[in-house]
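Dear colleague,

I am passing on a structure that I have been going through, and below it I set out what I found. Please keep it open while you read.

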Amino acid sequence: MRRAAVAVATTAMAVSLAACGSAKESDGGSDSSDSAAKKGDDIKVGLLLPENQTARYEKFDKPMIEKKVKELTNNKGEVVYANAKQDASLQNQQVDTMVTNKVDVLIIDAVDYKAIAGSVKKAHDAGIKVVAFDRLAEGPIDAYTSFDNVTVGKTQGEALLKALGDKAKDSQIVMMNGSSTDPNAAQFKEGAHSVLDGKVKIGREYDTKEWKPENANANMQAAISALGKDKIDGVYSANDGMAGGSITALKRAGIKDIPVTGQDAELAGVQRIVTGEQYMSVFKSYPKEAETAAEMAVALAKGESLDSIANDKVDSATTKGVPAVIVPVVSLTKDNIKETVIKDGFYTIDEICTDKYKAACDKIGLK
């Protein structure tokens, strides 16, 4: 994830890397920050996160962004936080409130990347810079940081094929994709299909509403009913939460020992990897992403250039040449738990290897 350089793919969604020289064509290019009024450390950063069911947002992103903003502003910067709880309308209202309260910059992880566009424009018209965080929101955004989402999907697909081995060509899988309102989900799916198509039979495929585990559970039950419990050999799940919901349905049907993918390295997901219920997750450097978002936000609030921070540019459907930082990813399996989530301080061995999981941890040498 943070160890190997990643080539950022051009996608059908027009979320593509643009030539460095395109900044002057952009509504959100680094040149736009030069027109902002110069400010000191006394800034106000609005942070809008999309939901609180996925552990990463409250456990990692929020505190890491708050910490980095403090570090960059000599403890004078303030972070004003709101969580949309998967409600796009509520998030639009939250943007309005932030504009009314005259924050200097917004960091937005959009519930719905299209629905947020009007609110982004309101902020833009009020002179408030906007950093799109994790999801490429539409509207006149000024900066973007996320992971290489197509590569995430490829990483998941490649891991699933590896787990299936020589039996892959005769195997049938279920694909549990993310929400259709999330542009990242479409990119994960694109990357996965680029690896899986023609190599394995896809028996059923779902776009899972709101990424909710309970919706993935219902989808998996439908897949089992349609295909038969002896006809499912693996599951592509776009994240750990949906992997958990899918695995619950599989276990209820008596289906065991089939590979299931995931993403986010959630604690429950890591513990399922330890026991073998889940084959892999995608480990992403939330610290790097969060710190980058904070760095971009502080620079924009102070009217400074992003040239020293952003080394890429991306295009959304509405804005060209947005300064961007794309963070690489790593495939997490039982073989590299120590070298990833433990080494990087996400979890301790004690947090992972509770009494329920101690025997499984001992078996794989996690002590």
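In α4, the residues Asn 149, Val 150, Val 152, Gly 153, Lys 154, Gly 157, Glu 158, Leu 160 and Leu 161 meet Asn 184, Gln 187, Phe 188, Glu 190, Gly 191, Ala 192, Ser 194, Val 195 and Leu 196 in α5, where contact means heavy atoms within 4.5 Å. Sorted by class, the residues of this contact of α4 with α5 are eight nonpolar, seven polar and three charged; here Ala, Val, Leu, Ile, Met, Phe, Trp, Tyr, Cys and Pro count as nonpolar, Asp, Glu, Lys and Arg as charged, and the others, Gly among them, as polar.

Before going further, please note that this is a predicted model, in which local features need pLDDT of at least 70 and side-chain atom pairs count only at pLDDT 80 or more, while totals for chains, interfaces and linings use all residues. Residues are numbered from 1 along each chain as its sequence is written, and side-chain values use heavy atoms, with hydrogens and water left out. Helices are DSSP runs (H or I, at least four residues), numbered from the N terminus.

Helix α4 (residues 149-164) packs against α5 at an angle of about 40°, with the axes 6 Å apart; axes are lines fitted to C-alpha atoms over the stretch in contact, and angles run from 0 to 180 degrees between N-to-C directions. That makes α4 oblique to α5, a word used for angles that are not under 35 degrees (roughly parallel), over 145 (roughly antiparallel) or 65 to 115 (roughly perpendicular).

The axes of α1 and helix α9 (residues 286-301) come within 8 Å and cross at roughly 40°, and α1 and α9 are therefore oblique to each other. Their contact involves, among others, Phe 60, Met 64 and Ile 65 of α1 and Pro 287, Ala 290 and Ala 294 of α9. By class, the residues of the contact of α1 with α9 are ten nonpolar, no polar and six charged.

On a 1 Å grid over the protein atoms alone, a pocket is an open set of points with protein on both sides within 12 Å along at least five of seven lines, a cavity is a set where a 1.4 Å probe fits but cannot get out, and lining residues have an atom within 4 Å of a point. The largest share of the pocket lining, four residues, comes from α4.

The largest cavity is lined by 14 residues, divided into three nonpolar, four polar and seven charged.

With best wishes

Definitions and conventions
Helices (H or I, at least four residues) and strands (E, at least two) are DSSP runs, numbered from the N terminus.
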